Amino acid sequence: MKEKLKNGGKPSLLSPFKAIKYLFKKPVTLRYPFELKEPSMRYRGFHLNDWDKCTGCGNCADICPNEAITMQEIPEIETEPGKKNERPQIDYGRCCFCGLCIDICPPGSLRLSRDYFHIHFKTGTFNLLAKDEKIDKESFLPLDKYSVLKASLAHRKKDNEGFAPDLKYSLFEPERVPMPQVRPEERKLSFIEQVLGYSREEAKREASRCLECKLCEEACPAHLKISDYIRAIYEDRPDESLKKIFEDNPIPSICGRICMKHCEEACSLSIRGESVAVRWLKRYAADTIEDYKRTLELKPAKATSKKVAVIGAGPGGLSVAYFLRLKGHNVTVFDSLAGGGGMMRIGPPPYRLPLEAIDKDVNHIASLGVQFTFNTTVGKDILFEDIMKEYDAVYLGIGTTVNRSTRVKNSEKCLLALNFLKENKMGKGLKVGKEIIVIGGGNVALDVAREALRIQYMQYHNQKVITRTVSLEDWDEMPATEEEIEDAKAEGIQFSPGWGPKEVVLDEKGSIKGLLCMKVKSVFDEEGRFRPTFYQENETFLKGDMIIEAIGQAPDFSFIPEKLFKKLEFTERKKVKVNENGMTSIPRVFAGGDIVNLNLDAVTAIADAKSAAEGIVLYLRCSHSF
Amino acid sequence: MRELELYFGPQHMGMVGNMSITLKVEGDRILEAQTNPGWLHRGFEKLMEYRTWIQNFPMVCRINVIEPDSMEMVYAMGVEKLAKIEVPERANYIRTIVLELSRLSSHLFGCWAYANMLGFDTIAQWAMYHRDLVLDLFEELTGARVYHIYIWPGGVRRDLPKGFKNKVLSTLHTIGSSVPDYDATFFNNRLFYERAKQIGKITEKEAKELGATGQILRATGMKFDIRKIEPYAAYDKVDFEIPTREDGDAYSRVWLIRDEMIQSVHIVMQCLEKIPQGEVYNRIPNPFKWKVAKGEAYVRVESSRGELGLYMVSNGKDKPYRVHFRTPSYPHGLLILEKLLENASIADVGNTMISLYVVAPEIDR
């Protein structure tokens, strides 16, 4: 070949006639439109969008280099947490068919088809609300009805998928930065905090995954500015992040540990990958800043002469106190416990929520000038009537504090969950059994079980111990979070799902021998309400020497005098009725949290508190017109 | 004789591309030539300052319509250098395959242009057909025929599709087997020899002074090829030659195009043979938050026309601070063309221009 390169052949006049042979060959050109060229399987043509999968997150519109995509509101689509009623509309006058929108689409609903013809007289038809054959049967035609002479955005081939999304080549990171945790074998022996928290680098890396579509912010009951505070963490400014959090949530140290994270369920990354660890990032911001006060520099507004009493120092009570204090009002919080936090103080065991984390948030709120009156039970140490007399407004953040019992035979021998948790945390501690049965399938039941297990390991060192939970619900219906269930399993908690308690069996001495259970037929009725039915004959006996009931709690309104209580209206679901300002049917009395909402979690209590605080401010400003 | 001003392009039968030349002529002898670019100025370099790192990626390929992949490659290399992103080995091989196929399609396009200019319509049609076969391969691999938008920072966008190797081999076979026909009808054609020999002749010294690279420099005898000097992608793992010639005229330059195509085919075959298994993409950070570290980078590749360079400055933001491309057509189309047209005849304007392989969008950007 080298030889040829140097010589470059010999110019000739006759050699070109060799081309004559091509006259007898078939032409290579295609006779369009009778002969069509099939585009390749990866062809980047017009868009397809699966409306059921599409979340309306708008990442496609954000990444489009040509601003060809606009999000159109579709009123027929119902919005729900994690789903907006917007769908991408593509302007093909601008689209360059690069397909970046495909690679950024978190649910993978947006694809490109192999269609590329658009024959139309009207230029306006260049704008397309991307759909696919599932919802637009008229535009996507089977081969026998398709004609290339009519091909347009409204006349396309069916089953003509082209460039498809692929998680391996996505522009977002589907996997979460793993949270460092204490191993199950180690953590079950003590009350050491299980989750260690992100380091600076880990937090930045995790924060960098957020696409800022803000689906989470709509799903969060308190509407925290999640994408803003995550961005601040990514930019290595945890102080900025904390300031953003405090606009809507004054207890990040608590919420950063035990929040029910509705945001993470709505996260668009969770559809094909793992959601951004919003809760752990909040915790990172709260833990990194040692002194909230110095960083936040919050100053209450000019003092007013108004006084507000808050009953209950749980998440809701703390928040309402915080928001009202910032407006300059005098706030006093009453709580029967020795410290703030309410149910957070009793419920989540220290391996999930250490007391120091609670106190950090409570102390900061106290430092703003909120008066805390602990160890004071309203109705006993101070009368509700007196509070009503002395204060301009009252907020009930009392939560649910009375344990429900199964009321099966001999159930009075059982322990109640809250008493058990309270006794361990604040009392002298209990002697536990070797074989503990916890009745219930919620997070409290798992808290009880995991705490009981730890105490067993401490009290019965090197002996065989068993902790088992019995729940009416089967695995798929269990109300506890998946994370909790997995952690409990890893620690060796045993589960008996789908069994209902029938009788607590006692031995001749009158101490507990075990629990007789019957098989559950169904837990919920057709309307989705709790109404369990059983197969009475299908029984099983679980051996145990200690039974703890954790089947839910109810509120305690006994501190409200009967005359007033009669005025208090309830909803159908037995929740306290409040108006848009958070005021109950008793004038001047506002309420929020577990006694009002059905979510029964801290962040919803904060959301209630925020709107009630606004209502209270409004009420105090113009109470005469209320 | 009277001195006249003659406008050659942009609407002229002999002009290929969006460019014009103003000629000062006396009779049919050219006294002075001036290239007027600007018919295709889209302001890409400025636009890129307003788009994020990833949003620029679908745009760079548009700078050179004929050979978009070397543009994508040089941008990807620039970002990878600034952001210190590693590229998987398999992706390097795929990049090499893509770049060489793209060189092949670009050279075939060049053959079309040159043959067309000289009136060899048959060869022009063949070249167009063969280029289309290469575009079919691109469509199979990347999903698009012209703007592939395929080589991106971190690797390539998708792995090779199933059966791709065989399709490449069969296409290369089709093209390779028609080389004798090309030779007989075009490269060894006496008419071509007469038309191209001694036309647009440039010496090595002049070529160097005026910033020539690619075939123009190699046709003067200098062995200058960035694939050998600063190997990128997988060029250091394959065996190939750099064809050179001594005369520095249009004839040598067009012959070099032919020889380079043969080398490209060899490189692609070697890559298909040696390509390792593995990943083809190291995920880049979240494009909405990605900030590239402060710094500046100059990277260069050997495009089908010569040295294609990219100078990029990042000031640590989510968008580049400044982007500048060093495109080979810039010196070729402005400095060298003007020089070569002095004292040439009008009949040789198109001939000279196309033998320099000028792509106007590269000059304008």
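A residue is buried if 20 or more other C-beta atoms lie within 10 Å of its own, exposed if 12 or fewer, and partly exposed in between. The exercises below apply this and other rules to a predicted model.

**Exercise 1.** Decide whether B:Tyr298 is buried or exposed, and describe its surroundings.

*Solution.* 
Step 1. Locate the residue: B:Tyr298 lies in strand β6 of chain B, which covers residues 295-303.
Step 2. Count the neighbours. B:Tyr298 has 12 C-beta neighbours inside 10 Å, so it counts as exposed.
Step 3. List the contacts. When neighbours within four places in sequence are left aside, B:Tyr298 is in contact with B:Gly309 and B:Tyr311.

**Exercise 2.** Describe helix α3 of chain B and its packing against helix α4 of chain B.

*Solution.* 
Step 1. Compare lengths. The 16 residues of α3(B) reach 23 Å from first C-alpha to last, close to the 22 Å expected at 1.5 Å a residue.
Step 2. Judge the burial. Since 14 of the 16 residues are buried, α3(B) is mostly covered.
Step 3. Look past the end of the helix. Just after α3(B), B:Lys84 has a positive phi of about 55 degrees.
Step 4. Describe the packing. The axes of α3 (residues 68-83) and α4 (residues 89-118) of chain B come within 8 Å and cross at roughly 145 degrees.
Step 5. Name the residues. From α3(B), B:Asp69, B:Ser70 and B:Met73 meet B:Arg95, B:Val98, B:Leu99 and B:Ser102 of α4(B). By type, this contact has 3 nonpolar, 2 polar and 2 charged residues.

**Exercise 3.** At what angle do helices α8 and α11 of chain A cross, and which residues make the contact?

*Solution.* 
Step 1. The axes of α8 (residues 238-246) and α11 (residues 278-288) of chain A come within 9 Å and cross at roughly 110 degrees.
Step 2. Angles of 65 to 115 degrees count as roughly perpendicular, and α8(A) and α11(A) are therefore roughly perpendicular to each other.
Step 3. The crossing of α8(A) past α11(A) is left-handed.
Step 4. On the α8(A) side the contact uses A:Pro238, A:Ser241, A:Leu242 and A:Ile245, and on the α11(A) side A:Lys282, A:Ala285, A:Ala286 and A:Thr288. These residues divide into 5 nonpolar, 2 polar and 1 charged.

**Exercise 4.** How many residues of chain A are in contact with chain B?

*Solution.* 
Step 1. Chain A gives 39 residues, which are in contact with 35 residues of chain B.
Step 2. In chain A, the elements that give two or more residues to this side are α2 (59-63) and α3 (100-104).
Step 3. The chain A side divides into 22 nonpolar, 8 polar and 9 charged residues.

Terms used. Residues are numbered from 1 along each chain as its sequence is written. Chains are lettered from A and ligands numbered from 1 in the order in which they are written. This is a predicted model: local features need pLDDT of at least 70, side-chain atom pairs count only at pLDDT 80 or more; totals for chains, interfaces and linings use all residues. Axes are lines fitted to C-alpha atoms, for helices over the stretch in contact, and angles run from 0 to 180 degrees between N-to-C directions. Helices (H or I, at least four residues) and strands (E, at least two) are DSSP runs, numbered from the N terminus. Two residues are in contact if their C-beta atoms, placed from the backbone, lie within 7 Å. Ala, Val, Leu, Ile, Met, Phe, Trp, Tyr, Cys and Pro count as nonpolar, Asp, Glu, Lys and Arg as charged, and the others, Gly among them, as polar. Angles under 35 degrees count as roughly parallel, over 145 as roughly antiparallel, 65 to 115 as roughly perpendicular and the rest as oblique. A crossing is left-handed if the near helix is turned anticlockwise from the far one by less than a right angle, and right-handed if clockwise. The expected span of a helix is 1.5 Å times one less than its number of residues.
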